[in-house]
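Subject: Structure handover

Hi,

Here is the structure for you to take over. Please have it open while you read the notes.

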Amino acid sequence: MPILECKALFKRYGSVQALKNVGLAIEPGHIVGLLGPNGSGKTTLIKLANGLLQPTSGEILIAGEKPSVATKKIVSYLPERIALPEHLTVKQLLGFFGDFYADFNREAAGHMLSQLQIAPDQPLKQLSKGTKEKVQLILVMSRAAKLYLLDEPIGGVDPATRDYILHTIISNYNPEASVIISTHLIADVESVLDEVVFLNRGEITLHESVDNIRQTHGKSVDALFREVFKCWEN
């Protein structure tokens with residue numbers, strides 16, 4: 001059974017068609033790049049999968065169920081922006097996640113924080129933007145979820161931090177789970193991806209394994225993306 005499945009999925013915001021007739025199946029055990037230019041529908045699809053939005057029509061399923069309180073127990077979501085109470089200390093945030101999610105591994109989270117030399121007694125509001133993003137990712141990746149939805153996890157951080165974040169993703173998720181990474185920094189994430197999904201103006205234009213892309217097209221995912229979406233480049 002797919003961990004994420006979309007069937008004739010449409011989403012409109014007023015007169016704007018954000019997603020159009022999306023059909024998609026993501027099987028367990030894959031790291032998938034959700035790729036497309038700004039405004040292509042990546043964040044909308046992730047929010048639908050997390051139950052933050054409702055489809056205009058069609059269906060989206062998580063392990064065969066519609067997004068709900070029940071599916072939130074197996075989905076770990078990293079939003080594009082910081083979404084944590086900034087008055088809490090890092091240690092309090094670990095306690096909050098531990099109380100809220102039965103699958104949260106407090107020991108693993110504490111180990112990663114120690115590796116990054118992030119003091120647990122610091123309030124979040126005193127940390128830099130990059131450090132806040134690291135804390136949020138650590139919290140998300142310390143769950144034993146079946147599906148991780150990561151919206152621009154490396155968008156605003158330096159290259160060294162990107163490397164650490166990608167290492168954190170691939171070394172901390174359950175190999176039987178799936179990870180969906182929405183990003184426009186393809187060259188940085190390509191080495192960890194098994195599959196890619198190209199979204200263009202709300203429609204899926206390609207869903208293929210990274211190996212097949214290299215064999216069939218004779219180029220990297222990044223090079224293919226630049227070719228397909230060159231009209232979007234500034």
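This is a predicted model: local features need pLDDT of at least 70, side-chain atom pairs count only at pLDDT 80 or more; totals for chains, interfaces and linings use all residues.

Residues are numbered from 1 along each chain as its sequence is written, and side-chain values use heavy atoms, with hydrogens and water left out.

**Pocket**

The largest pocket holds about 510 Å³ of space. A pocket here is an open set of points on a 1 Å grid over the protein atoms alone, with protein on both sides within 12 Å along at least five of seven lines; lining residues have an atom within 4 Å of a point. Points are joined across faces, edges and corners, and the volume is the space filled by probe spheres set on them.

The lining has 21 residues. Nearest the centre of the pocket are Lys-72, Val-75, Phe-100, Tyr-101 and Arg-143. Four elements each supply at least two lining residues: helix H2 (69–72), strand S5 (75–78), helix H3 (90–100) and helix H5 (129–141). Helices (H or I, at least four residues) and strands (E, at least two) are DSSP runs, numbered from the N terminus. By class, the pocket lining has 14 nonpolar, three polar and four charged residues. Nonpolar means Ala, Val, Leu, Ile, Met, Phe, Trp, Tyr, Cys and Pro; charged means Asp, Glu, Lys and Arg; the others, Gly among them, are polar.

Gln-136 sits in helix H5. Its relative accessibility is 5%, so Gln-136 counts as buried (under 20% relative accessible area, 1.4 Å probe, protein chains only). Beyond four places in sequence, Gln-136 is in contact (heavy atoms within 4.5 Å) with Leu-78, Pro-79, Arg-81, Ile-82, Ala-83 and Leu-84.

**Cavity**

The whole structure has one cavity of 30 Å³ or more. In a cavity, a 1.4 Å probe fits but cannot get out. The largest cavity has about 60 Å³ of space. Strand S2 (16–26), strand S3 (31–35) and helix H1 (42–49) are the elements that give two or more residues to its lining. H1 gives the largest share, three residues. The cavity lining is 11 nonpolar residues, with no polar and no charged ones. Among them are Leu-4, Val-32, Leu-45, Ile-46, Ala-49 and Val-197.

H1 itself is mostly covered, with six of its eight residues buried. Those six are Lys-42, Thr-44, Leu-45, Ile-46, Leu-48 and Ala-49. Gly-51 follows H1 and has a positive phi, near 80°.

**Cores**

The largest nonpolar core has 31 residues. A core is a set of buried Ala, Val, Leu, Ile, Met, Phe, Trp, Tyr and Cys residues joined through side-chain atoms within 4.5 Å. Leu-150, Ile-169, Val-196 and Phe-198 touch the most other members. Another core, of 24 residues, lies apart from it and includes Cys-6, Leu-19, Ala-49 and Val-197.

**Thr-183**

Thr-183 is in strand S7 (residues 178–183). Is Thr-183 buried or exposed? Thr-183 has 0% relative accessibility, so it counts as buried. A polar atom of the Thr-183 side chain lies 3.0 Å from the backbone nitrogen of Leu-185. Leaving aside neighbours within four places in sequence, the contacts of Thr-183 include Leu-34, Leu-35, Lys-42, Glu-152 and Val-189.

Best wishes

Notes: Buried means under 20% relative accessible area, exposed over 50%, partly exposed in between (1.4 Å probe, protein chains only). A polar contact is a pair of N or O atoms within 3.5 Å; within protein, one must be able to donate a hydrogen and the other to accept it, and residues adjacent in sequence count only if both atoms are side-chain atoms.
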